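Welcome to a first walk through this protein chain. Please have a look at the model below, and then we will go through it together.

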Amino acid sequence: MADSLVIVESPAKAKTIKKFLGKNFTVLASNGHVRDLPKSQFGVDVNNDFAPKYITLRGKGEVLEHIRKEAKTAKKIYLATDPDREGEAISWHLAHILGLDPASKNRIVFHEITANAVKNALKNVRKIDMNLVDAQQTRRILDRMVGYMISPILWAKVRKGLSAGRVQSVATRLICDREDEINAFDPEEYWVIAAQLPAGEKRKPFEAKFYGRDGKKLEVGDKALADEILAQVGDSPFTVTKIKVTERKKHPAPPFTTSNLQQEAARKLGFTTKRTMMVAQQLYEGISVGTKGATGLVTYIRTDSVRVSNEALDSARAHIAETFGAKYLPEKPNFYKGRRGAQDAHEAIRPTDVSLVPKSIKEFLTGDQFKLYKLIYDRFLASQMVDALQQVNVVTLDANGCAFRANGVRTLFDGFTAVYTEGRDDEQESEIALPPMQEGDVFCALAVTADQRFTQPPPRYTEATLVKALEENGIGRPSTYATTISTVLDRGYVQREKKQLLPTELGVVVTELMKQNFQNIVDVQFTADMEDKLDGVEEGQAKWAALLGEFYGPFEQTVEVAKKTIEKVKIEDEVSDIPCEKCGEMMVYKFGRFGKFLACPGYPACRNTKAIVEKIGVPCPKCGAEILKKKSKRGKAFYGCEAYPNCDFVSWDKPVAQKCPDCGGQLVQKIGPHGSFIRCTAEGCGHILRAAKKAEKSE
């Protein structure tokens, strides 16, 4: 029987914390939220100051019984859930279930799961912060109002199974509005005139682009002008008239905030926001690292702050000096300014211990864990290194009165880029080497060409750029972005093509309906203002019931008008070229919880559905038919024979066309902690053929 009981959210977190505390402590996990609003009813008493009706979540009975049993004999109970609104609310609910006085000191918080952080938290026990709890309750009730009052209208007027959401509807609108911009875009013609100039032996030619003539910059907008310039240049020599050499510094990026991490993991690792947050949570809660046991590898992962503790700064600077040398260490630590409106409640995301170099613990991590940990580690280390120094050359050349320019970039000192360079959503700048030259040098062009081009519409959103747009517009909070994007995809409002997010017909129809009837709900500024008001509740500057009353009155009136005025919308399903094997009708595409699938249009008379399959160009090792890529009911990719049920070949790993050189067995691509590899599946063989060049991205 332990003297003290510590309650956290997850078993992994409990295991890590238990390692730091003695035998007098019992550490248990609540497995997330324990109470919430009921799914079967509205659950908010709008006539009684919006009092929420909470119920114990289904499946939590056994967990709570165990916690109650330990709590009865514990002399002291510590509520150690995450240090944010959601975590504060979970602690408040636990206090209610255990009969604890919310005004008593039983709440501890820490921003990294390390021995020092946990032990210091136990020395600084505080009361539950009701401002944080009220802010979380207000958000939850607002979301319940929007979801439970608008969704039935969408069910009745558009299609069953649809939903509206205070943040998801705005995110869908952003994607739809971008598509409207793309469709309305009127491309403008322009021409790029470029000369290929020799750079000397063993050097690639360098390029100079037309800049202007008669001392003025000139845009080339049509073929006639392009031909005129080509004729003027003719076979004229290119003479260097001016060389401008400057040096510029490149500054390191700050350590990660939640949204920065989501964006960078999408750019560099190809991770979805959901995948990023799932792996980041594992790194935060703790992973077994050899003899060290369960170890929290990164600090708290839901943050909008770029602040770093002095202790972490000192550790990083010592590591940089020892590993890279004094020239890579700035005289003083680098400090960064957070974005406007950041709450700055936690530190930036960083490694808890810089001595845990990624490659030194790689064997203990999965492939995804290693990639994300290395990204966080490298970004943090680089943020405390010196600037990179580059030399920029701009060379102007004259060809019979036409000015051309060549640009060169050369690194003089790599600085922080020795560790990390921030990704970009647009084209990355690369080093361009120009040959040594001086004013008066003359070059004879190898070729002078004119290429017709057209201005491009704004690009479609990717997950990275959508997260950036949501943050810039103050929509939602970084901790909600992954859920928001998953929801709009699952509902079929948005689909992913490669990395781009496109609105579906359903998404366009629902968004237009929302814009016409619930303008405030899908208004970017209104949603951002609501986030500011929620922050006001958290800071104790606003009363939560008053905020809900201010919103509910006009919203209820809007809902009643919408019920009467919205006409039923019929959305035709996209017809496939695949006949239903049960009734012969051509199947149609539908969207479900786990993505797109095929269904018979004869429903309910015919209830046949089937997954959308993809041929991978590999014959079945059992019968020779095609192997198809399919999805399970849970949305996970697997590979099976097209002759099923006559052939039962199935594999979670992707089969490859080659046969095992040792036994002739079937080879598959597998993904392990150290990347992907190809292995024989024949019993007793297990031959590893070679490392795959690129890991198959998980579905």
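How many helices and strands does the secondary structure of the chain come to? There are 16 helices and 31 strands, where helices (H or I, at least four residues) and strands (E, at least two) are DSSP runs, numbered from the N terminus. This is a predicted model, in which local features need pLDDT of at least 70 and side-chain atom pairs count only at pLDDT 80 or more, while totals for chains, interfaces and linings use all residues. Residues are numbered from 1 along each chain as its sequence is written, and side-chain values use heavy atoms, with hydrogens and water left out.

**The chain as a whole**

The C-alpha atoms fill a box of roughly 90 × 70 × 70 Å along the principal axes. Of the 699 residues, 47% count as buried, meaning under 20% relative accessible area (1.4 Å probe, protein chains only). A contact here means heavy atoms within 4.5 Å. Among contacts between residues at least 6 apart in sequence, 65% join residues at least 24 apart.

The chain carries 103 positive and 91 negative side chains, and the centres of the two sets lie 6 Å apart. Lys and Arg count as positive and Asp and Glu as negative, leaving out His and the chain ends.

**How confident is the prediction?**

The predictor's confidence in each residue, pLDDT, runs from 0 to 100. Its mean over the chain is 90, and 94% of the residues reach 70 or more. The table shows the two ends of the range among the elements.

| Element | Residues | Mean pLDDT |
|---|---|---|
| Helix 7, highest confidence | 223-233 | 97 |
| Strand 31, lowest confidence | 688-691 | 57 |

Over residues 691-699, pLDDT stays under 50, and the model has 19 contacts beyond four places in sequence for them. Where pLDDT is low, the predicted coordinates should not be read in detail.

**Two nonpolar cores**

A nonpolar core is a set of buried Ala, Val, Leu, Ile, Met, Phe, Trp, Tyr and Cys residues joined through side-chain atoms within 4.5 Å. The largest one has 73 residues, and Met145, Ile150, Phe518 and Phe555 have the most contacts inside it. Helix 5 (residues 130-157) gives the largest share of this core, ten residues. Beyond its neighbours within four places in sequence, Phe555 is in contact with Met145, Val146, Met149, Ile150, Phe518 and Ile521. Apart from this core lies another, of 60 residues, among them Ile113, Val118, Ile287 and Ile361.

Why is helix 12 (residues 463-472) largely enclosed by the rest of the structure? Because eight of its ten residues are buried, including Glu463, Leu466 and Leu470. The cover over the buried residues of helix 12 includes helix 6 (168-184), helix 8 (258-269), helix 9 and strand 18 (494-497). Just after helix 12, Gly474 takes a positive phi of about 70°.

Glu531 lies in helix 15 (residues 524-538), and counts as buried because its relative accessibility is 0%.

Ala280, found in helix 9 (residues 273-285), also has 0% relative accessibility and therefore counts as buried. Not counting residues up to four places away in sequence, Ala280 touches Leu261, Val298, Ile301 and Leu372. The C-alpha atoms of Ala280 and Ile301 are separated by 6.7 Å, although these residues are 21 apart along the chain.

Note on methods: Buried < 20%, exposed > 50% of the residue type's maximum accessible area, 1.4 Å probe, protein only. Charge placed at Lys NZ, Arg CZ, Asp CG, Glu CD.
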